[in-house]
Amino acid sequence: MSTTKDIRAAVEAELKFDPLVDDADIHVMNVNTDVALNGTVPNYPQYLEAAAAAQRVTGVKNVYNHLEVALSEADFRDDVMLITAANNALAQNVTVPDGVEATASDGNVTLTGIVSFGIERAAAERAVAGLTGVRNIRDDIEISYDTDPVNVDLHVQEALGRSALVPDDSDVEVATKGSTITLTGHVRTWAEHDAVVGAAWMARGVVDVRDDLVITG
């Protein structure tokens with residue numbers, strides 16, 4: 001897919017095709033392979049799904065999600081109700097450790113606490129993302145570890161070698177500085193990109209992942 005018009009039309013078609021997205025108030029803009037989503041959606045899961053749909057389109061390399069969640073009157077929850085629902089969801093999720101908490105203001109949820117793995121932080125976001133009344137999520141959860149990470153880059157590289165989504169001839173390289181992993185190289189699709197980044201976040205002792213990957217598809 002080579003032209004700007006083709007990419008925009010393809011993203012619009014994918015948004016219309018996706019049954020989890022109401023595209024009526026979404027406006028797609030793009031410059032070359034960069035796509036911006038503007039407008040409104042009725043809930044936070046659609047905010048996330050719209051970006052995921054755009055990333056699935058061949059030729060899209062960057063997606064800038066400027067959508068706003070415009071809650072209906074029926075979906076509005078006051079701060080106390082939303083805080084209670086969010087903390088209940090966190091407590092009932094076996095992947096989220098004790099101590100992670102949620103606060104809310106006008107539909108904007110903030111998560112705080114300390115976890116040992118990036119995958120636990122992601123689980124906390126997922127636990128509250130589908131709640132009625134959520135407009136946005138700010139993740140202030142910290143990742144902590146007891147000892148310095150050892151051979152993290154090797155463990156991540158081996159995980160990439162096991163992944164069915166990462167080809168054997170991949171040029172992705174993993175470098176570690178302290179508790180930060182830097183990923184460089186090329187990936188063909190957003191699915192491959194997410195597999196690489198996800199593997200990095202699963203490693204013990206990783207507090208930050210610097211994503212310098214280039215999407216070629």
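Modeller: Start with pairing: two strands pair if DSSP finds at least two bridges between them. Helices (H or I, at least four residues) and strands (E, at least two) are DSSP runs, numbered from the N terminus. This is a predicted model, where local features need pLDDT of at least 70, side-chain atom pairs count only at pLDDT 80 or more, and totals for chains, interfaces and linings use all residues. Residues are numbered from 1 along each chain as its sequence is written, and side-chain values use heavy atoms, with hydrogens and water left out.

Biologist: In what order do the strands of the open sheet run?

Modeller: In general, strands of a sheet pair through backbone hydrogen bonds, either parallel or antiparallel. Here the open sheet has three strands in the order 5-6-8, and the pairing is mixed. Strand 5 (101–105) and strand 8 (136–139) are the edges, each pairing on one side only. From one strand to the next, the twist averages 25°. Axes are lines fitted to C-alpha atoms, for helices over the stretch in contact, and angles run from 0 to 180 degrees between N-to-C directions.

Biologist: Which residue stands opposite Asn108?

Modeller: Asn136 in strand 8. Strand 6 (residues 108–112) pairs with strand 8 in the parallel sense, over four bridges. Helix 3 (residues 79–92) packs on this sheet and touches strand 5 and strand 6. Contact means heavy atoms within 4.5 Å. The direction of helix 3 makes about 160° with that of strand 5.

Biologist: Where is Asp106, and what is its phi?

Modeller: Asp106 lies in the loop between strand 5 and strand 6. Its phi is positive, about 55°, although Asp106 is not a glycine. Asp106 is partly exposed, at 43% relative accessible area. The scale: buried is under 20%, exposed is over 50%, partly exposed is in between (1.4 Å probe, protein chains only). Asn32 also has a positive phi of about 55° and is not a glycine. Asn32 sits in the loop between strand 1 (26–31) and strand 2 (34–41). Asn32 is exposed, with a relative accessible area of 52%.

Biologist: Which residues of helix 5 are buried?

Modeller: An α-helix has 3.6 residues a turn, so residues three or four places apart point the same way. In helix 5 (residues 152–162), the buried residues are Val152, Val156 and Leu160. Seen down the axis, they fall within an arc of 75°, so they line one face of the helix. That arc is of the directions from the helix axis to the C-beta atoms. The face turned away carries exposed Gly161 and Arg162. The cover over the buried residues includes strand 10 (173–177), strand 11 and helix 6.

Biologist: What unit do strand 11, helix 6 and strand 12 make?

Modeller: A crossover is right-handed if, with the strands pointing away from the viewer, the path from the first strand over the helix to the second runs clockwise. Strand 11, helix 6 (residues 190–202) and strand 12 make a right-handed β-α-β unit. Strand 11 (residues 180–187) and strand 12 (residues 208–215) pair in the parallel sense over eight bridges. Thr184 stands opposite Asp212 in strand 12.
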